[in-house]
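Please read it alongside the sequence and the model.

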Amino acid sequence: MKKTCMNCTKYHATLINKDGLSHIHDWCDQWKTVLDAYALAYKRGYEAPYNSDLETGEAFCYMFEPVDIPSYSDEWFDKNKAENERNTKSKKQ
């Protein structure tokens, strides 16, 4: 299992307020903040469309606590990362 946000017990893809009228995406209970899902992708200069750091498995933290059942397989994360790298390489040529 990749030690990435989507496989961590502290990660919430969506949190819905008690009133049901508002919600937050990509929340981390450990750091009490919304995650910047594209921080590495921006830094690497990927051009849209591309997968987020959460979808590539590159978003990880030293406070990682594994879930019982992974959100996605390691192969899914690896496929998304490879797709980003292929798209970037082909656009630079």
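The model is predicted. The whole structure contains zero disulfides, and the largest pocket has a volume of about 170 Å³.

**Cysteines**
- A search of the whole structure returns zero disulfides.
- C5 takes part in no disulfide, and the nearest cysteine sulfur, in C28, lies 6.5 Å away.
- C5 counts as buried because its relative accessibility is 14%, under the 20% limit.
- For C61, the closest cysteine sulfur is also in C28, at 6.2 Å, which is too far for a bond because a disulfide needs the two sulfur atoms within 2.5 Å.
- C61 is partly exposed, its relative accessible area being 24%.

**T56**
- T56 belongs to helix α2, which covers residues 53–56.
- With a relative accessible area of 2%, T56 is buried.
- A polar contact of 2.9 Å joins the side chains of T56 and E58.
- Leaving aside residues up to four places away in sequence, T56 touches N51, F77, N80, K81 and N84.

**Largest pocket**
- The lining of the largest pocket includes both C5 and C61.
- E58, the polar contact partner of T56, is also one of the lining residues.
- Other lining residues include L35, D36, A37, L40, L54 and F60.
- Helices α1 (39–44) and α2 each contribute at least two residues to the lining.
- By class, the lining has nine nonpolar and three charged residues, with no polar ones.

Key
Residues are numbered from 1 along each chain as its sequence is written. This is a predicted model: local features need pLDDT of at least 70, side-chain atom pairs count only at pLDDT 80 or more; totals for chains, interfaces and linings use all residues. Side-chain values use heavy atoms; hydrogens and water are left out. Buried means under 20% relative accessible area, exposed over 50%, partly exposed in between (1.4 Å probe, protein chains only). Helices (H or I, at least four residues) and strands (E, at least two) are DSSP runs, numbered from the N terminus. A polar contact is a pair of N or O atoms within 3.5 Å; within protein, one must be able to donate a hydrogen and the other to accept it, and residues adjacent in sequence count only if both atoms are side-chain atoms. Contact means heavy atoms within 4.5 Å. On a 1 Å grid over the protein atoms alone, a cavity is a set of points where a 1.4 Å probe fits but cannot get out, and a pocket is an open set with protein on both sides within 12 Å along at least five of seven lines; lining residues have an atom within 4 Å of a point. Grid points are joined across faces, edges and corners, and a volume is the space filled by probe spheres set on the points. Ala, Val, Leu, Ile, Met, Phe, Trp, Tyr, Cys and Pro count as nonpolar, Asp, Glu, Lys and Arg as charged, and the others, Gly among them, as polar.
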